2 protein chains.
Amino acid sequence: MIKPIQFLDSGVLLLDQTRLPGEEVYVDIKDHLAMAEAIKSMVVRGAPAIGVAAAGGISLGAAAIRADSFEAFYSELEEICAIMGNTRPTAVNLFWAIERMKRVAAENRSLEVDKIKKLLEAEARRMLEEDIQHNKDMGAFGQGFISDGDTVLTHCNAGALATAGFGTALGVIRAAHLKGKRVKVIADETRPFLQGARLTAWELDTDGIQVTVISDNMAGYCMSKGMVNLVLVGADRIAANGDVANKIGTYPLALLAKEHGLPFYVAAPTSTLDLSTTTGDDIPIEERDRTEITHFQGQLVTPEGVDVFNPAFDVTPNHLVHAIITERGVAKAPYEKSLQKISIEDRKEATTKSN
Amino acid sequence: MIKPIQFLDSGVLLLDQTRLPGEEVYVDIKDHLAMAEAIKSMVVRGAPAIGVAAAGGISLGAAAIRADSFEAFYSELEEICAIMGNTRPTAVNLFWAIERMKRVAAENRSLEVDKIKKLLEAEARRMLEEDIQHNKDMGAFGQGFISDGDTVLTHCNAGALATAGFGTALGVIRAAHLKGKRVKVIADETRPFLQGARLTAWELDTDGIQVTVISDNMAGYCMSKGMVNLVLVGADRIAANGDVANKIGTYPLALLAKEHGLPFYVAAPTSTLDLSTTTGDDIPIEERDRTEITHFQGQLVTPEGVDVFNPAFDVTPNHLVHAIITERGVAKAPYEKSLQKISIEDRKEATTKSN
């Protein structure tokens, strides 16, 4: 199984996703600053993976805090969390992970600092395990949307590499594949970072699932020629009304799917839900460095100094989303109700677990 | 002025568009085989430019024919034309240029072969001059669609580089700019060949027109944020019903424009009309080499051996097209009638000229 994040005794091991598929290189992350840099530079990327990696980074940072009192410890922990929170603004899983780690510390304030550090490490490890299990649950719920012989169009990488393992959208495809369904995938290359061409193609190829790479602007042609049965993507943040922020280029796919009468599904864990955000308009959209567009593999493509705009995500309005597949079941419109219900169940279980 | 094609006494000089914007290199084409290769490999590209370049190639080929009788000459000319016709199947301007050259020969069969060769060269030169004039006429007709302060989204390169000079879609933008209107352009980079990032950005920058490059999948986001006032593209072939074949990725833009209430315009000379093709379904769509997607500047991007699909064009259905701007005026729906009318006028004028 592909393991993008591994917790070792010595630190957190990340599979360097900037160098795939050419090289399979692992980076040993020793402290929270290195983790923040790895998230920023997309050594690790994908909303659920960012959440788990951030938790790992916070655990590493916490372990190095020299403080005896809880107050001094927690104050430094908050600084570490702030650094982690400044890496990538759109994926809400990052903030969910940060809050979860802070809560573990706060709820155990009466314990010795060393004991709290151990609990934080255990929490980060638990989040990794939970994430893999959630993806498998998502796969079980979602695979029914894929029929034998279907071709699924996907965008970016919502796979094992975007999570702690197994994947969200690609996890659903994996689950269908493991059920014995013949499923083909058309993967958008996903400019500018080429997560589709590099990562999705690599992991599906590795798992023996047939994949064809196209450039992003070919999806409409493929649909018009009847080559696609459904569209299935991940998410970086889902607002209370079901608007979905995901990798730039997702929204046009949803519109094309509607035009061609194809279902458009989103697979994401409940940690991607942000019910405090009313609609997609309120989701902050990260803009990344101009060189992602002006350069291709280090080589200048555009005229020197040309203006560039590089938003990393877009928002797909809820009316274009057929269903949102989570680890707790499938949400459908009206999303205000269905997402609220899934979220309440989630909180109930969290409460039960922590008791 | 940017001159992508120049007729010299010694041959045809092409600005090598595969090396822009990094290097401004000219290739001296000496015979029709070199011209066919230059068209295939996209040293020269863009429907109108392909037409003019093909005419130049046929003229070079004709000049080298060693035959005294018209029949022997014409038979070899047809072979040259067949080679030229096998370069790129979608742009109808190629076949239009070939037919025009053949007609000049056929209509002058009573003359000496050397005289016919001179007429063919003159015809190719005339086509180059006419193309520039047609683009300027298109600019005059089309610039009214652009208001002061507008931002125009464009795709691929329908500029000076795609024609003999001045450009079709970019010609309309140039005309608005020359009228003193403040116009900004958002240019899709246009994968896989990056005509937008490399060529459109270069020629607008050269002319002092403000241009911002985005990756193709960002157009929807830009429209949703109110950053675009209209979409304006070129065409490679327009069917009798107004369906428009243009660079892959055009169709999704038209759909997005409709969703956001933005007008979608096509600028193309009447040589791009193919009234013998009833609808866009009948337009042959070229598929290009897999390495355009798997490699960038010789470097492998995808996993080795992965499947790739690389259609070079898509078809925008007529109902998404607000207007087609030609050198003889603007056609609007119903296109069956308006394009027929423009085409008849075109033939009338051609007849008048040849008398």
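Buried, in this briefing, means under 20% relative accessible area, with exposed over 50% and partly exposed in between (1.4 Å probe, protein chains only). By that rule Thr190(A) is buried, because its relative accessibility is 0%. Welcome to a predicted model, in which local features need pLDDT of at least 70, side-chain atom pairs count only at pLDDT 80 or more, and totals for chains, interfaces and linings use all residues. Residues are numbered from 1 along each chain as its sequence is written, chains are lettered from A and ligands numbered from 1 in the order in which they are written, and side-chain values use heavy atoms, with hydrogens and water left out.

**Where the chains meet**

- Chain B and chain A bury about 4,200 Å² between them, and 67% of this is on carbon and sulfur atoms; buried area is the accessible area (1.4 Å probe) that two parts lose on being put together, summed over both.
- Asn217(B), Tyr221(B) and Phe309(B) supply 16% of the area that chain B buries against chain A, more than any other three residues.
- The contact (heavy atoms within 4.5 Å) takes 51 residues from chain B and 50 residues from chain A.
- Two salt bridges cross the interface of chain B and chain A, each being a side-chain nitrogen of Lys or Arg within 4 Å of a carboxyl oxygen of Asp or Glu.
- Arg191(B) and Glu189(A) join their side chains in a salt bridge, at 2.6 Å from N to O.
- Ile293(A) sits in helix H10 (residues 291–294) of chain A; helices (H or I, at least four residues) and strands (E, at least two) are DSSP runs, numbered from the N terminus.
- Ile293(A) is buried because its relative accessibility is 1%.
- Setting aside residues up to four places away in sequence, Ile293(A) touches residues that include Phe309(A), Val213(B) and Met218(B).

**Core and strands**

- Leu232(A) and Leu232(B) touch the most other members of the largest nonpolar core, which has 140 residues; such a core is a set of buried Ala, Val, Leu, Ile, Met, Phe, Trp, Tyr and Cys residues joined through side-chain atoms within 4.5 Å.
- Not counting residues up to four places away in sequence, the contacts of Leu232(A) include Leu153(A), His155(A) and Tyr265(A).
- Leu153(A) stands opposite Ile186(A) in S5(A).
- Strand S4 (residues 151–154) of chain A pairs with S5(A) in the parallel sense over four bridges; two strands pair if DSSP finds at least two bridges between them.
- Four of the five residues of strand S5 (residues 184–188) of chain A are buried.
- In chain B, four strands form an open sheet with the order S11-S8-S9-S15 and mixed pairing.
- The edge strands of that sheet are S11 (273–274) and S15 (313–316) of chain B, each pairing on one side only.
- Leu273(B) in S11(B) is the bridge partner of Ile238(B).

**Backbone features to look at**

- Thr190(A) is not a glycine, yet has a positive phi of about 70 degrees; Thr190(A) lies in the loop between S5 and helix H7 (195–206) of chain A.
- Leu194(B) also has a positive phi, near 60 degrees, and is found in the loop between strand S5 (184–188) and H7 of chain B.
- Leu194(B) is buried because its relative accessible area is 1%.
- Ala333(A) and Pro334(A) are joined by a cis peptide bond, with omega about 0 degrees.
- Pro334(A) belongs to the loop between strand S17 (329–331) and H11 of chain A.
- In chain B, a cis peptide bond links Ala333(B) to Pro334(B), with omega about 0 degrees.
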